[in-house]
Amino acid sequence: MRFKCRPVELDFIEGAAYRFENVVELETSPEAVFDIFADGESWPRWFDGIKRVVWTSPEPKGVGTTRTVTLTTMTVHEHFLAWERGRRFAFRFEGSSLPLCRAGIEDYRLEELPGGRTRLHYGVYLEPSLPVRLAGPIARAQFSSMFRRAAAGLKTYVATGHGK
């Protein structure tokens, strides 16, 4: 079964009820980090819980591109809102196999640092569904942990020579 999400744009970020933000510094260029994001096969290697990423739009990828991400516990359908190589990679949730949110956006912003390094600002912004709101602090802690592990996983992935 597919639970649809309300279509939102990037301005949704400002007023999102649930906000999960992580910042991590990576030992590679913003373009190399973006290329990792654009490579569907890399995601299961660094984002704990992702099993498979399938691009569902024809090339070239960009704003409007869609993909389906299979996680350990659910499947998520995504629609890209920002696609700026070396700068920004953002998508909204179109729907999922579990009713976890009514709307949501993941936003990956890349900032160039001296020495060919990158500061990643990784945010996930959600309008939770009623069951998630009722779970309160437990749900927030689960989401927070998953997104923090993803940022750390990307840092480790880059440190082991990927994205050079």
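## The hairpin of S7 and S8

Strands S7 and S8 form a hairpin with 3 residues between them. In the turn of this hairpin, Gly115 has a positive phi of about 80°. The model described in this report is predicted.

Strand S7 (residues 101–113) pairs with S8 in the antiparallel sense, and the pairing extends over 12 bridges.

Strand S8 comprises residues 117–128. Phe20 stands opposite Val124 in S8.

Of the 12 residues of S8, 9 are buried, so this strand is largely enclosed by the rest of the structure. As a general point, the side chains of a regular strand alternate between the two faces of the sheet.

## Strands S3, S4 and S5

A further set of paired strands involves S4. Strand S3 (residues 50–55) and strand S4 (residues 66–71) run antiparallel and are joined by 5 bridges. Ile50 stands opposite Leu71 in S4. Strand S4 also pairs with strand S5 (residues 75–84), in the antiparallel sense and over 5 bridges. Here Thr70 stands opposite Thr75 in S5, and a hairpin of 3 residues joins S4 to S5.

The loop between S3 and S4 contains Pro60. Is Pro60 buried or exposed? Pro60 has a relative accessible area of 70%, and a residue counts as exposed when this value is over 50%; Pro60 is therefore exposed. Pro60 and Gly49 are 11 residues apart in sequence, and their C-alpha atoms are 27 Å apart in space.

## Helices H2 and H4

Two packed helices are described by the angle between their axes and the distance between the axes. For helix H2 (residues 30–38) and H4, the axes come within 12 Å and cross at roughly 115°. Angles of 65 to 115 degrees count as roughly perpendicular, and H2 and H4 are therefore roughly perpendicular to each other. Their crossing is right-handed.

Which residues meet where H2 and H4 come together? Val33, Ile36 and Phe37 in H2 meet Leu154, Tyr157 and Val158 in H4. Helix H2 has 9 residues, of which 7 are buried, so H2 is largely enclosed by the rest of the structure. The buried residues of H2 are Pro30, Ala32, Val33, Phe34, Ile36, Phe37 and Ala38.

## The nonpolar cores

The largest nonpolar core has 41 residues, and Phe37 and Phe89 are those with the most contacts inside it. Helix H4 (residues 130–159) supplies the largest share of this core, namely 9 residues. Apart from this core lies another, of 8 residues, which includes Val8, Ala16, Leu81 and Tyr125.

Which residues are in contact with Phe89, leaving aside its neighbours within four places in sequence? Among them are Phe34, Phe37 and Ala38, three residues that are buried in H2. Phe89 is also in contact with Trp43, Trp55, Phe80, Ala82, Trp83 and Tyr108.

Key. Residues are numbered from 1 along each chain as its sequence is written. Side-chain values use heavy atoms; hydrogens and water are left out. A nonpolar core is a set of buried Ala, Val, Leu, Ile, Met, Phe, Trp, Tyr and Cys residues joined through side-chain atoms within 4.5 Å. Buried means under 20% relative accessible area, exposed over 50%, partly exposed in between (1.4 Å probe, protein chains only). Helices (H or I, at least four residues) and strands (E, at least two) are DSSP runs, numbered from the N terminus. Contact means heavy atoms within 4.5 Å. Two strands pair if DSSP finds at least two bridges between them. Axes are lines fitted to C-alpha atoms, for helices over the stretch in contact, and angles run from 0 to 180 degrees between N-to-C directions. Angles under 35 degrees count as roughly parallel, over 145 as roughly antiparallel, 65 to 115 as roughly perpendicular and the rest as oblique. A crossing is left-handed if the near helix is turned anticlockwise from the far one by less than a right angle, and right-handed if clockwise.
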